[in-house]
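Biologist: Could you take me on a close look at the ligand site, and then walk outward from there into the rest of the chain? I would enjoy one connected account.

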Amino acid sequence: MITSEAVPWAKAGGLADAVSALAQELDHSGHDVRILMPRYQGIRRDSLYRYPTPFTVRVGEEIYTTAVYEGRLGDSSVVVYFIDYEELYAREGIYGAGGSGYPDNLRRFSLLNHAAFAIGAFIGWEPDVLHSHDWPAAIVPVIAQRRRAMGAPGPATVLTIHNVGYQGTFPVGDLPHSGLSWIDLSESQLLHYDSLNLLKAGIVNADMVTTVSPQYANEIRTPRRGFSLDKVLSGKDERFVGILNGVDYEVWNPEKDPYLDAKYTPETVALKDRAKQTIQSELGLPITNDLPLIGMVSRLVDQKGFEELSSPGFGALPDILESGETQVAILGSGDERYEYYLRTLAHRYRNLSVVIGFDDRLAHLIEAASDFFLMPSRYEPCGLNQLYSLRYGTLPIVTRCGGFVDTVEPVSARGGTGFFIDEACPSAIGSTVLAAVGMWHRERARIDTMRRAAMKMRFGWERAAAEYVSVYERALAAARGGPGA
Ligand code: ADP
C-alpha cells in the first residue's frame, strides 16, 4: 500500500485509520502486506531499523538519494517502509501548514510514487498488487501502465478514493516534477481543466478503483457530487466499486476503552453519564444530567458543514443553543475562519464548549460522553465517527448522504439508530437537532432502545478486507488481460 497517512505514524483524517486497519486485517488472513510512506518530521527514527545503504529513486530527470527506515504495524507482521528525505518530508504538517498545501507537494508525493517501483529491488520483494490511497499515491497506476506498455509486466494496481474532493491538482508547467512525460499530458490522461490532475490520471490507469462506501460510489458518478470526475468514474464501469470502511473495535469499544473510568456495555449504558460529568467538568460546561450533550469531533472544513453550523448570522448553532435544551461540545481543528467563529460562539453561550486541536483522548471521551453525535456534512465518503458513535451508544445526527446512508438506520416507529438531516442547510440542521433533543427530553425510553440497537451494530474490517481481496483478484485478472478484466 502506498499512502501519505497511516496510524499511528501520521494522521489527518479517516484515511490513516482505514489504511492501517485494512493492512492488519489482510495480514491476519495470511496476506503479505507492506506499507510505503514518507518519514515526516514527527516520525521518530530511533524506534525504526535503518537500511545501511542509500536508496536512489529516479523521478524524471531528478535523482533522489534517500534513506529507508523500516517498522512494524502494531503486533502484526505488516512491514512499513519509510522514505526518509528531509528536504521534502521533514516538516510539521503532512500536506501543508495553516490550511494551505505546500507548494512543492507534487515533488513530495511524486517521489513516493516512483519509490514504490524502485523499492522492490532494494528490499528484495515484489508485490502482486500495488494499492494506492488517494491523490498522493495516484501516479502509481500511471507508472505501472507505462511500464507495461514497454513490455515490463508489473504488479496490478488498485486505487482507493477516500475523498474525491481532494484531487492533487497542479499547474501544467510543474509536469517535470511528476516524473511523467509530456506524452501523458492529454485530456484522456493527466490534463483536466487546464491543470494536472493526479487523481484523474490514477483513475484512468488503475486496474481497479474503489471508494469507501457503496452509496458514495453511486453519488460520485453524478455531476452533483463527482467534483468534475463523475464521467471519468462512470467510464470505469464494473472496475469501480464501493467498499464500506470498517471500525477497529479494539480501539473504539466502550467496554474496554482505557480513556474511560466507567466502561459500559449495552446493559450498563447509563454509565455514559460518568463520562458526561468528566467532559462537562473538563470543558467547563455546567455539570448536569438534565440536558443531553451533543458531541462533534471533526476537521473544521466546509465539507463537514461548519459554514452551515457556525457562520455569523446564518449558522444553525445559535438557534440550537438558545433553545436551552442541550449542551454542545466540539473538538476540531482546520480552517482558521471556523476556529474563530466557534470560539466566538463559545464565548457567547455557556452551553457550548469548543476545543481547538487534535486530541485522541478527548475524541474518545466525547464519543462516550455524548447523547448525540452531530455530523452535518455536505458530503461524506464513509465517515468513521458515526460508526464509533454507534458503538458508544451515541446516536448520530447526520446528513442524508454517502456512507451515512449505508450505516445509520433512520429513526422510525420501529426503532432506528440515528437521525437524518434531509439537506445540509442551517434550517434542516437546526430542526433535526431540536427534534432529536426533544425526543431525549420527552421520550427517553425510545432513545434508550435506539442506543442499545446502535451499540449492537458491527462494521468490522473482516468483511471489508474480504471485499478488497476480491478487488485485488479482479485487478490481477485485468492486469493480465484475463477474465474479470
Ligand atoms: P475525515 O477522514 O473526512 O476527516 P472521518 O469521520 O472519516 O472524517 O474520520 C475522522 C477521523 O479523525 C476520526 O477517527 C476522528 O476521530 C479523527 N479526528 C478528526 N478530528 C479530530 C480531532 N480534532 N482530534 C482527534 N481526532 C480527530
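Modeller: Happy to! Four elements each supply at least two residues of the shell around the ligand: helix 1 (14-28), strand 15 (293-300), strand 16 (327-334) and helix 14 (385-391). Strand 15 gives the largest share, three residues. Please keep in mind that this is a predicted model, so every distance below is computed from predicted coordinates.

In total, 18 residues surround the ligand, and the closest are Lys11, Gly14, Arg299, Lys304 and Gly357. Sorted by class, the shell holds six nonpolar, seven polar and five charged residues.

Now for the atoms themselves. A backbone N or O atom of Gly14 sits 2.5 Å from an oxygen atom of the ligand. Gly357 also uses a backbone N or O atom, which lies 2.8 Å from a nitrogen atom of the ligand. Tyr388 takes part through its side chain, where an N or O atom is 3.4 Å from an oxygen atom of the ligand. The ligand taken alone exposes 560 Å², and the protein buries 93% of that.

Let us step along the chain from the site. Pro8 is found in the segment before helix 1, and the peptide bond that leads from Val7 to Pro8 is cis, with omega near 5°. Helix 1 is one of the elements that supply at least two shell residues.

His114 lies in helix 3 (residues 105-123). With a relative accessibility of 11%, His114 falls under the 20% limit and therefore counts as buried. Beyond its neighbours within four places in sequence, His114 is in contact with Val57, Arg58, Val59, Ile143, Ser178 and Gly179.

Glu308 belongs to helix 10 (residues 306-310). Its relative accessible area is 7%, so Glu308 is buried. A polar contact of 2.8 Å joins the side chain of Glu308 to that of Arg378. Not counting residues up to four places away in sequence, Glu308 touches Phe314, Gly315, Ala316, Arg378, Ala424, Cys425, Pro426 and Ile429.

Leaving out neighbours within four places in sequence, Val354 is in contact with Ile330, Leu342 and Ala346. Arg58, one of the contacts of His114, is 296 residues from Val354 along the chain, and the C-alpha atoms of Val354 and Arg58 are separated by 47 Å.

A second pair to compare is Asp448 and Thr432: they are 16 residues apart in sequence and 18 Å apart in space, C-alpha to C-alpha. Asp448 is placed in helix 17 (residues 444-456). Its relative accessible area is 25%, so Asp448 is partly exposed.

Asp134 has a positive phi of about 65° although it is not a glycine. You will find Asp134 in the loop between strand 8 (129-133) and helix 4 (139-149). A relative accessible area of 10% means that Asp134 is buried. Ser228, another residue other than glycine, also has a positive phi, near 75°. Ser228 occupies the loop between helix 7 (214-219) and helix 8 (230-234). At 33% relative accessibility, Ser228 counts as partly exposed, because its value lies between the 20% and 50% limits.

Note on methods
Residues numbered from 1 in each chain as written. Predicted model: local features only at pLDDT ≥ 70, side-chain atom pairs only at ≥ 80, totals over all residues. Heavy atoms only, no water. Near = heavy atom within 4 Å. Polar contact = N/O pair within 3.5 Å; in protein donor to acceptor, adjacent residues only side chain to side chain. Areas by Shrake-Rupley, 256 points an atom, 1.4 Å probe, with all protein chains shown as cover. Nonpolar A, V, L, I, M, F, W, Y, C, P; charged D, E, K, R; others polar. Buried < 20%, exposed > 50% of the residue type's maximum accessible area, 1.4 Å probe, protein only. Contact = heavy atoms within 4.5 Å.
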